[in-house]
Amino acid sequence: MTPARQHHTRTTRLLAAAAATAALAALATSCTSSAKDDKARATASPSPSASPTASTDPQAAEKAKVLAAYDGFWAESVKAYEKGTDKDTRLVDFAAGSALDETLTDLANMLEAGVAKQGSPGHRPETTTLSLSAERPTATVSDCLDLSSWHTTDRSTGTVRPYPSNQPLRYIAVAQVEQHAGRWMVVKITPNGDRTC
């Protein structure tokens, strides 16, 4: 997360299925021997809405909200790292806890060192865990963070400062995300520099 080392609708489907089942039951009980009725029953039998669609993740919508919060955190962080301040960003809408504290500390340190970040990191995030049963819902996001297009530059000259030689440019970062007052917020980022991707 930080530069160099510090980076480190299921009711509708059920109603449709119930309606289709009721329609099939009505057809079956009005048993007539005419070929016309038989043909109508044959046509009505294979109702696609009677069978559920291929395995749908019941948590998909919430997982998407988690990822949207994670993406928002990074979009606002990139702005802050480029400007050297979180002013005029929405960082506090997406970050809390140590994720916010560490970002603000990084910004202060970078300002003092006369450096900024240019470009943006690459991402391949996915919500790996989601718990909605607790008083405060939580989620985990695993991301392949790519630093190759996110550079540290000297504020006065614009010169790019290379990463340390032992700094992996692509590695796994794990984010803890929590719901605060109905909003998903990134609360912690753990870089795993030894897990490249």
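Visitor: Is tryptophan 74 buried or exposed?
Guide: Tryptophan 74 is buried, at a relative accessible area of 3% (buried is under 20%, exposed over 50% and partly exposed in between, with a 1.4 Å probe and protein chains only). This is a predicted model, in which local features need pLDDT of at least 70 and side-chain atom pairs 80 or more, while totals for chains, interfaces and linings use all residues. Residues are numbered from 1 along each chain as its sequence is written, and side-chain values use heavy atoms, without hydrogens and water.

Visitor: How many aromatic pairs are there in the whole structure?
Guide: The search finds 3, where Phe, Tyr and Trp rings (for Trp the six-membered one) pair with centres within 6.5 Å, and planes under 30 degrees apart are stacked, over 60 edge-to-face, the rest tilted. In one of them, tryptophan 74 and tryptophan 150 have ring centres 5.9 Å apart and planes at 80°, so they meet edge-to-face.

Visitor: Where do those two sit in the chain?
Guide: Tryptophan 74 belongs to helix α3 (residues 60-83) and tryptophan 150 to strand β4 (residues 150-154), so that 76 residues separate these distant parts; helices (H or I, at least four residues) and strands (E, at least two) are DSSP runs numbered from the N terminus.

Visitor: And what about tyrosine 81 with tryptophan 150?
Guide: Their ring centres are 5.5 Å apart with the planes at 75°, so this pair is edge-to-face. Tyrosine 81, in helix α3, lies 69 residues from tryptophan 150. Tyrosine 81 is buried at 1% relative accessibility, and tryptophan 150 is buried at 0%.

Visitor: Which residues form the aromatic cluster?
Guide: Phe73, Trp74, Tyr81 and Trp150 form one cluster.

Visitor: Switching to charges, what sits over the ring of tryptophan 150?
Guide: The charged end of lysine 117 does, 4.6 Å from the ring centre (NZ of Lys or CZ of Arg must be within 6 Å of the centre and within 35 degrees of the ring normal).
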